Amino acid sequence: MRARTAVVCSVLDQAVSALTNIAVLVLVARHSQAATFAVFATAYVVFSVLLGAFGAYVGQELVLHRGEPETLGRACRGAAAFTATASTVLGALLAGGATLASSDAAVYGALGLVLPITLTQDTLRYCFSVLRTPHLALLTDLVRLGAALPLLAVQPNGASAARTTLVWGLSALPALLLALALLRPHVRGARTDLKRYVARGHLGRRFLVEFGVGNATSQLAVLALGLFATPLAVGALRGATTLFGPLNVAFNAATGFGPPLLTRHPAPRRAALAAGCALAAVAAGWAAVLYALPTHYGRQLLGDTWESAATVLPATGAQYAAMAFGVCGLLALRVLAPRTTLPVQLVFSPVSAGLLLAGYAWAGVAGAAWGLCVGSVLKGAAAWWKAARRPESRAAVSAAAATAPGAVS
C-alpha cells in the first residue's frame, strides 16, 4: 500500500473509532435516565483508561516492530494473545468484585464480561497497522460502528446500565471475529510469545508510564483549577478543547499508526517534520474558522458555554498548532530512539500543568489557556531538540531498535 493511502486509511480508522465512542454515549444518554447514564458513563471512563493503558503497553510497542512478514506475524500473534489473556483476568476481577458490591456495581460485572472482546478488538487494529494493512483496521471498525448503533438504538427506555454495557460490549463481537479471520493468514504457524510482555526492558512499560503521567497530570491540573477557579473557567477550557476534537483524532492516528510509515521512510525525521507542519496548518485553519464563527452557530455547538470558550480560542488554537509539532516530534523520537520519550513526558507534563495554574493566577481563564500553549511549545521544542541530535539513516534506526531488547525486532 502506498504511504499516502495508508495515511488516509489510518486517519479514517481513528475517526471511525472516535465516532463510535461519541455515538455510543449519545445513544445511551437518549434512552437512559440521568442516574443510569451517570453509572454507565463512570464505567465507560474505566474502560477508556484500560483502553489507553493497553494501547500504550501493547499497541504502541507493537507498531515499532519491523522485519520480515514472519517476524511481524509472530509479534501480532503475541500481542493479540497477551491482550486476550490479560483482559480476561482483569474482566474476571471486575465481575467478581461486582458480585460483592452494591446493585449499581452490576455495570462493572457486565464490563468485566465484555472487556476481553473490546480490548482484543482494539489491539488487532494495531496489528493491521504494523502489517501495513490499515484498510483492514478501517473495515473492522466500520463493522463495529454498524453493529453498535442499531443495537443501542433499539434498547428500551429505562434500560439498566448493566444491560446497556453488555449490549455495547457484545456489539464488538462481529468486528472481533472479522479481524481474527483477516489476521489469521498473517500469523498462521507463528509462535505465541507471551514472556516478552513481562520481561525486563519491555518498551511497553515506558509507554504505559508516559500514558499515566500525561493523562493523570492533565486531569489533576483541571481538578486543581476547579478548586479555586469558577466553574465558568473550567467550562470554557473544556468547551474550547471539545471544539478541537477533530485534531485529537489526527494526533491519535499519528501516535498509534505513524511509526510503521516512518520506519519505511528514508528520512523519518524530515517526514515527521513535514507531518507536523501540515497538522499545525490544519490546526491554525480550524482555529480561524471557529474564531470567525457567528455567535448564533457557536451557541448551537456549545450553548451558553460558547461565549466564554470563544475568548480562549486564539490561545487554544495556538496550543493545538504547537501540539502538532510536539506530537510529530515525539513520533520521530519514538522511531529514532524509543527509550528517550519518557523523560520528555515526565518533565514537561507537570510543567504544562504548572503553567496552566500560573496562567490563571496571572490573567484568569485566558492566562490559563496561554499557559497550556506555552507548555505545549516547551514540550514540542524538547522533543525536536532530542530528535535533531539523533541520526536518521536506516542503519541508525535499526541500531536504535536493537537497543530495546525484547521490544523491537
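So, the lining of the largest cavity: its residues split into five nonpolar, two polar and two charged. Here Ala, Val, Leu, Ile, Met, Phe, Trp, Tyr, Cys and Pro count as nonpolar, Asp, Glu, Lys and Arg as charged, and the others, Gly among them, as polar. Before I go on, this is a predicted model: local features need pLDDT of at least 70, side-chain atom pairs count only at pLDDT 80 or more, and totals for chains, interfaces and linings use all residues. Residues are numbered from 1 along each chain as its sequence is written, and side-chain values use heavy atoms, with hydrogens and water left out.

By cavity I mean a set of points, on a 1 Å grid over the protein atoms alone, where a 1.4 Å probe fits but cannot get out; lining residues have an atom within 4 Å of a point. The largest cavity has a volume of about 60 Å³, volume being the space filled by probe spheres set on the points, which are joined across faces, edges and corners. Among the lining residues are Ser129, Arg132 and Phe257. Helix α11 gives the most, with three residues; helices here are DSSP runs (H or I, at least four residues), numbered from the N terminus.

Terms used
On a 1 Å grid over the protein atoms alone, a cavity is a set of points where a 1.4 Å probe fits but cannot get out, and a pocket is an open set with protein on both sides within 12 Å along at least five of seven lines; lining residues have an atom within 4 Å of a point. Helices (H or I, at least four residues) and strands (E, at least two) are DSSP runs, numbered from the N terminus.
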